[in-house]
Amino acid sequence: MIDYTDSENYINRELSWLDFNMRVLSEAKDKENPLFERLKFFAITGSNLDEFFMVRVASLKNMEISDYKKKDASGLTPTEQLSAISEKTHKMVEEQYNTYSKMLVPRLVMENICILNRNNLSAEQENFVERYFKNEIYPVLTPMAVDLSRPFPLIQNKVLNICALIKKENKEQAFATVQIPSIFKHIIKLPSSDNKRQYILLEEIVQKFLSMLFMGHDVICSYPYRVMRDANIPIDEDDSEDLLLEIEKSLKERERSGVIRLEVDCNIKKELLSILKKKLKVKNDDIYKINGPIDLTFLNKLYGEDGFSKYKYEPFKPQVRPELRNVDLFEKIREGDILLHHPYDSFSTIVDLIKQASVDENVLAIKQTLYRVSGNSPIIEALSRAAENGKQVSVLVELKARFDEENNIIWARKLEKAGCHVIYGLLGLKTHSKITEIVRREEDGIRRYVHLGTGNYNDITANFYTDMGLLTCSKLVGDDAGAFFNMISGFSEPSHWNKLILAPIWLRKKTEEMIEREIKHSEEGRKARIIAKVNSLVDPDIIALLYKASQSGVRIDLIVRGICALRAGVEGLSENITVRSIVGRYLEHTRIYYFYNDGQENVFCASADWMQRNLNRRVEIMFPIDDENLKKEVINVLDIQLADTMRAHIQTDGVYIKDRRGRKRLDCQEYCMNEALERSKTKDEKKPERVFIPKMKPEEE
């Protein structure tokens, strides 16, 4: 009998995440992508790695410090994981900078786009940077020397610094550091001629004129460096009388948390590195010597410069379907459920619904969960306006949404000031659900309008995250929505649910039951099929059940963007399972679950991935797509992604390969953009020729 829980059958989640970041890096290498999109992918690998260290590596380090020796599903202790991560990350960083210096920089130079260093400026550029330094930068800088009277300063998280050795005549050399101000642009455009576009990094300017900060001293050498700190916020919710104040306090402590990574210029002198290592208390494995600019996110700034449109993807504007333009959205929802696929369908429809509800005299109440919202959120404005107009507005603002804690505190206070009832999440759980309920008085009585989504109520990320949302006024869903908000705002415990399936209590059980049902059908000789599209797949129990289903003959196709602990295509274990990762123009964020169910084809969308945290420690919602036409739309999206030849990386036993040889070009995201443009046309407008997509449902096998 196969032991599906054997550690050899699982890929370590952290190493799997690093593999995902390598897939992003492969897009930076891909010459089929426009040049500036390649720069953007490259920048993403840097920001991804920053967050990975601040969260995942930091957690493992805390486990190691606590002498926690329990092994994960892949059989590794925290110390063993840290060792493997360090080895793999050092190789990744080396490849990052090889890609930058050998592929991207030469390609930029070919297009007369250059990032210069401080030693190869023209006379005009020398004058420009000197004026810029003296007039703008110099007044802001604070040089900090370290001696007996001046202790080593606090080095802030993710902020670029310059360290230096300085010396005064007849005195010993001393250590000094200068923080690069984040209020300035990281990359500065230089005056240039001959149709060239030339830039310089801010740290290069500071280094060039560093001696002005230490008058009477010689600057022996200087190098940029940056630290990464533990971003986890330990909060004892049981002892916290006010969660909002507790999180505010913890946010301040984040800047003083332990250093988990030190990035330094690869040419740094041993004396300087020794000082940094000692003062910052870092191990050799945590030091990364960088052969190029530290903090790759500066490329996002270059991407945002004007005049480079020909090096980017052709612009795509999210579309509003003709039947949803300038209409009474409540009336349209009464006509039938509406499915939106973002960013191809505009998120403005959701914003317009909340705005319409805020001023509709028949709307009595609006209830909504907010996990992450944009910096200038029209949703917040509409909810505030609704409260000011006398409507009952209840909002759950999840204060524990990592890296959005401060932003969410601001919004929570704004909503309270407007008269909204604000809930600060639930004790011991994160509320990750995406749901809005609008209660409206109509001629035939009270009706609930509900929006359920796979993504956040964030109008900015909705432009580059793929997500799905359902608008419905189904009584069964409405009753569930009412029960959901009563549950999170009080002590109500629903005896049953009509349509919605919630974590942490019901979702795991229902998912396992549906997988077991496919196993039963397969064992009885009937067709059986599972398709799951998720961000991450790491839950050991779900993976073991999928292995069992594979060995029972169930055909399983998994579309997993990021972490995948399951080994696909292993003989005697998972030969009936395929795993692919779609990495493209948009971040694949939609969660879709398909079960053939003997031809009934059950289709669900959800806020939850197949991870322990989603199934055990978060409030999540999975919701069915019951309308047959909408169900076909969702299945078509799955078919398209399974047929993709341009963006799909296929995994076999943990190794991902993008193989385009001999296959017809099909970019699933490009296809969805074309579909959205086609849907947006009125009946009188000519529609473009449709792209053929091979269907991959079981009945056509």
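This is a predicted model: local features need pLDDT of at least 70, side-chain atom pairs count only at pLDDT 80 or more; totals for chains, interfaces and linings use all residues.
Residues are numbered from 1 along each chain as its sequence is written, and side-chain values use heavy atoms, with hydrogens and water left out.

Terms next. The search runs on a 1 Å grid over the protein atoms alone; a pocket there is an open set of points with protein on both sides within 12 Å along at least five of seven lines, whereas a cavity is a set of points where a 1.4 Å probe fits but cannot get out. A lining residue has an atom within 4 Å of a point. Grid points are joined across faces, edges and corners, and the volume is the space filled by probe spheres set on them.

Back to the pocket. Its lining has 27 residues, and Asn-117, Leu-201, Glu-204, Gly-292 and Pro-293 lie nearest the centre. By class, the lining of this second largest pocket has 15 nonpolar, 8 polar and 4 charged residues. Here Ala, Val, Leu, Ile, Met, Phe, Trp, Tyr, Cys and Pro count as nonpolar, Asp, Glu, Lys and Arg as charged, and the others, Gly among them, as polar. Which elements each supply at least two residues of that lining? They are α3, β1, α5 (202-208) and β7 (218-229). Helices (H or I, at least four residues) and strands (E, at least two) are DSSP runs, numbered from the N terminus.

β1 belongs to an open sheet of 3 strands, in the order β1-β6-β5 and with mixed pairing; two strands pair if DSSP finds at least two bridges between them. β1 (113-116) and β5 (187-190) are the edge strands, each with a single partner, so one side of each has no neighbour in the sheet. Direction ignored, neighbouring strands of this sheet are turned by 35° against each other on average. Axes are lines fitted to C-alpha atoms, for helices over the stretch in contact, and angles run from 0 to 180 degrees between N-to-C directions. β5 and β6 (residues 197-201) run antiparallel and are joined by 4 bridges. Leu-190 stands opposite Gln-198 in β6. Helix α4 (residues 123-137) packs on this sheet and touches β1, β5 and β6, its direction making about 135° with that of β5. Contact means heavy atoms within 4.5 Å.

β7 sits in the other sheet, an open one of 6 strands in the order β2-β4-β3-β7-β8-β9, again with mixed pairing. At its edges stand β2 (143-146) and β9 (287-290), each with a single partner strand, so one side of each is left without a neighbour in the sheet. The twist averages 30° from one strand to the next. β7 and β8 pair in the antiparallel sense over 5 bridges, and Arg-229 has Val-259 in β8 as its bridge partner.

Now the cavities. How many of 30 Å³ or more does a search of the whole structure find? There are 3.

The largest cavity holds about 110 Å³ of space. It is lined by 15 residues, with His-342, Phe-347, Gly-455, Asn-456 and Asp-467 nearest its centre. β16 (445-453) and β17 (465-472) each supply at least two residues of this lining, and the largest share, 4 residues, comes from β17. The lining of the largest cavity divides into 5 nonpolar, 9 polar and 1 charged residues.

The second largest cavity has a volume of about 80 Å³. Its lining residues include Thr-45, Asp-50, Tyr-97, Arg-226, Arg-261 and Glu-263. α2 (35-65), α3 and β8 (259-265) each supply at least two residues of it, with α2 giving the most, 4 residues. The classes in the lining of the second largest cavity are 4 nonpolar, 3 polar and 5 charged.

Glu-94 lies in helix α3 (residues 78-110). Is Glu-94 buried or exposed? Its relative accessibility is 53%, so Glu-94 counts as exposed. The cut-offs are under 20% relative accessible area for buried and over 50% for exposed, with partly exposed in between (1.4 Å probe, protein chains only). Glu-94 and Tyr-288 are 194 residues apart in sequence and 9.4 Å apart in space, C-alpha to C-alpha.

Thr-349, in helix α10 (residues 348-359), is buried, with a relative accessible area of 5%. Leaving out residues up to four places away in sequence, Thr-349 touches Val-320, Leu-324, Leu-329, Leu-340 and Leu-471.
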